[in-house]
Amino acid sequence: QVQLVESGGGLVQAGGSLRLSCAASGRTLSSYAMAWFRQAPGKEREFVAHISMSGDYTNYAASVKGRFTISRDNAKNTVYLQMNSLKPEDTAVYYCAAKYEFRAEYDNWGQGTQVTVSS
């Protein structure tokens, strides 16, 4: 079991930037694919970004493509989400998730960090 703790959320103006961090403990992240999800009030949780175990492959939700960048530093056991050109509709609780190499689902989740983008 890997424990995940998100940080870096906060209040920003539209057009601004934030970098979220997801620090892992208990296990090294080298055997986990990682992803970011988000959930706005009254809405379902949605996928934001994914990164492979090695960091060589990424994919993004269409709504954030070109604005957000997911990255990882396995030596630091940390995953990042760089968010640029933020929009009010990006406001949500952002969750880090881990998927073990041989599992089909993300079954390790952080507690979430709030991102609020003002107009």
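Is Asp90 buried or exposed? At 0% relative accessibility, Asp90 counts as buried. Buried means under 20% relative accessible area, exposed means over 50%, and partly exposed lies in between (1.4 Å probe, protein chains only).

## The model

This is a predicted model: local features need pLDDT of at least 70, side-chain atom pairs count only at pLDDT 80 or more, and totals for chains, interfaces and linings use all residues. Residues are numbered from 1 along each chain as its sequence is written, and side-chain values use heavy atoms, with hydrogens and water left out.

## Overall build

The protein has 0 helices and 11 strands. Both kinds of element are DSSP runs numbered from the N terminus: helices are H or I with at least four residues, strands are E with at least two. The order from the N terminus is β-β-β-β-β-β-β-β-β-β-β.

The C-alpha atoms fill a box of roughly 40 × 25 × 25 Å along the principal axes. Of the 119 residues, 44% count as buried. The protein exposes about 6200 Å², with carbon and sulfur atoms supplying 48% of it. Such areas come from the Shrake-Rupley method with a 1.4 Å probe; for residues, only the protein chains shown count as cover.

Contact means heavy atoms within 4.5 Å. Among contacts between residues at least 6 apart in sequence, 55% join residues at least 24 apart.

## The nonpolar core

In soluble globular proteins, nonpolar side chains tend to be buried together. A nonpolar core is a set of buried Ala, Val, Leu, Ile, Met, Phe, Trp, Tyr and Cys residues joined through side-chain atoms within 4.5 Å. Here the largest one holds 30 residues. Leu4, Met34, Trp36, Leu81, Met83 and Tyr94 touch the most other members. The strands that each supply at least two residues include β3 (18–25), β4 (32–39) and β9 (92–100).

Leu4 has contacts beyond its neighbours within four places in sequence. Among them are Cys22, Leu29, Met34, Cys96 and Trp109.

## Salt bridges

The whole structure contains 5 salt bridges. Each is a side-chain nitrogen of Lys or Arg within 4 Å of a carboxyl oxygen of Asp or Glu. Arg38, Glu46, Arg67 and Asp90 are linked in a network of them. Glu46 pairs with Arg38, with the closest N and O atoms 2.7 Å apart. Glu46 is partly exposed at 34% relative accessibility, whereas Arg38 is buried at 4%.

Asp90 also pairs with Arg38, at 2.9 Å between the closest N and O atoms. Asp90 lies in the loop between β8 and β9 and Arg38 in strand β4, so this pair ties together parts 52 residues apart in sequence.

Elsewhere, Arg103 bridges to Glu105, with the closest N and O atoms 3.3 Å apart. Arg103 is partly exposed at 40% relative accessibility, and Glu105 is partly exposed at 45%.

## Around Thr113

Thr113 lies in strand β11. Thr113 is buried, with a relative accessible area of 10%. Val93 is 20 residues from Thr113 in sequence, yet their C-alpha atoms are 5.4 Å apart. Leaving out residues up to four places away in sequence, Thr113 touches several others, including Glu6, Leu20, Val93 and Tyr94. The backbone nitrogen of Gly9 lies 3.2 Å from a polar atom of the Thr113 side chain.

Key: Polar contact = N/O pair within 3.5 Å; in protein donor to acceptor, adjacent residues only side chain to side chain.
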